[in-house]
Amino acid sequence: MLCVYGVVRADHPGVTTSGVHGRPTRIAPLGDLGVIVSDVDHELLARRRDVEAHLTVLEFAMKHGDVLPFRFGMAVADEDALVVALEESVPRFRALLDALGGRVQMTLKVVRDDFESMRAAIARDARLRRYVERGRDSTVIADRIALGAQVANAVDELTERDAQVILDRLETVADAIRPNPPAPSVVASLALLVRPQRVPELDSLVEDLRQQLGTRATFNYAGPMPPYSFVA
Amino acid sequence: MTVQSYAGRAPRPSSLADVLELVLDKGLVIDAYVRVSLVGIELLTIDARIVVASVDTYLRFAEATNRLDIQAASNAEGLPQLIEDMTEKGASSKTRGALSGVAEEVSGWFGRGEDDDEDEDSRHDGERRPRRPARSGASRRGRDNSRENARRRRPSNEDEEE
């Protein structure tokens, strides 16, 4: 059984790090392209060690040429089955490799701190500040809910605006942006496609945004990695 | 390809959940009929539910305002501001409808009698938490229904001052 990692061009030198289950990887031919594979004896489970091995192989491959990453857990019986499964896709893979043109994926996830965001939302809104000052000592449940709703909405509005600013700024450097589905307290969760030479520019842009949002959000910025979000 | 490193950037997302979202949810796939079936992969789904504004959230924020030093908050106005054009009007107009709606509804629900079972929403009751005799039926019903109302009322924009 073969575990499948990624599609590369035929001239790719290959990957010397070991893959899932600690097994060596090799390149199986696929038309004028190649597929990074390794043998596996038994079923794949999404264990941390193996998921990380999958990532490591792809990161290594990316350093020596362009790569189209497969999702973790793709396996076929043997090289013949691999060709059967993928030969029709060869033109699409080739077009995708050309279109990506060596661009890499960066990810940015900005998560808000609710309390600090509330502080910021109240600080910039004099009317809300007066309302909170006047209303927060009430113990009447309807008043508590009304006050909380007012504050929660102000916080959400601030978050939406922050999200828009983040997106607008990043669009100046990224060639494509794919947002991940919204989640609680997440201001922005984005996959960015950028040219490797523009990564330092993106770094300083992200740093600017981080300073602008201050304590009200934490940034999780990562990359470069293979373009997972831009191949499907 | 070499990229200079920068302290604020990790080679890959730091949480396992984000890594899994990347490698289990994104990337090329092989058609299921050729692919070897893999036990354990399909079981992992990424949970990304959208937040629904709820009375619980409102109460949490109301509680948080009591911990806030308003004076310090107003002094903090000089902090770097990402948002320049936040006007008082902008902040209040959008929230007013939902706000007064929830307050009205909740006062209504809390004022209800104990044995008023007619429009109990058993769907929500059953799903969210098992009926516990220790809790008052009226207050539980109040919570669930007001959450429903909060959601339903949200888009409305009746202009009532608080």
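The legends below describe close-up views of a predicted model.

**View 1. A five-stranded sheet draws on chains A and B.** At the edges stand β7 (176-179) of chain A and β1 (9-10) of chain B. Each of these edge strands pairs on one side only.

**View 2. Strand β9 of chain A meets β1 of chain B.** Strand β9 of chain A covers residues 217-225. Its pairing with β1(B) is parallel and runs over two bridges. A:A222 has B:A10 as its bridge partner in β1(B).

**View 3. Strand β3 of chain A pairs with β1(A) and with β2(A).** Strand β3 of chain A spans residues 33-39 and is mostly covered, with six of its seven residues buried. Strand β1 (residues 2-9) of chain A joins β3(A) through seven bridges in the antiparallel sense. Here A:V8 lies opposite A:G34. Strand β2 (residues 25-30) of chain A is also antiparallel to β3(A), over six bridges. In that pairing, A:T25 lies opposite A:S38.

**View 4. Helix α2 of chain B has buried residues between positions 55 and 65.** The buried residues of helix α2 are B:V55, B:T57, B:Y58, B:F61, B:A62 and B:T65. Viewed down the axis of α2(B), they fall within an arc of 160 degrees, so they line one face of the helix.

Definitions and conventions:
Residues are numbered from 1 along each chain as its sequence is written. Chains are lettered from A and ligands numbered from 1 in the order in which they are written. This is a predicted model: local features need pLDDT of at least 70, side-chain atom pairs count only at pLDDT 80 or more; totals for chains, interfaces and linings use all residues. A residue is buried if 20 or more other C-beta atoms lie within 10 Å of its own, exposed if 12 or fewer, and partly exposed in between; C-beta atoms are placed from the backbone. Helices (H or I, at least four residues) and strands (E, at least two) are DSSP runs, numbered from the N terminus. The arc is that of the directions from the helix axis to the C-beta atoms. Two strands pair if DSSP finds at least two bridges between them.
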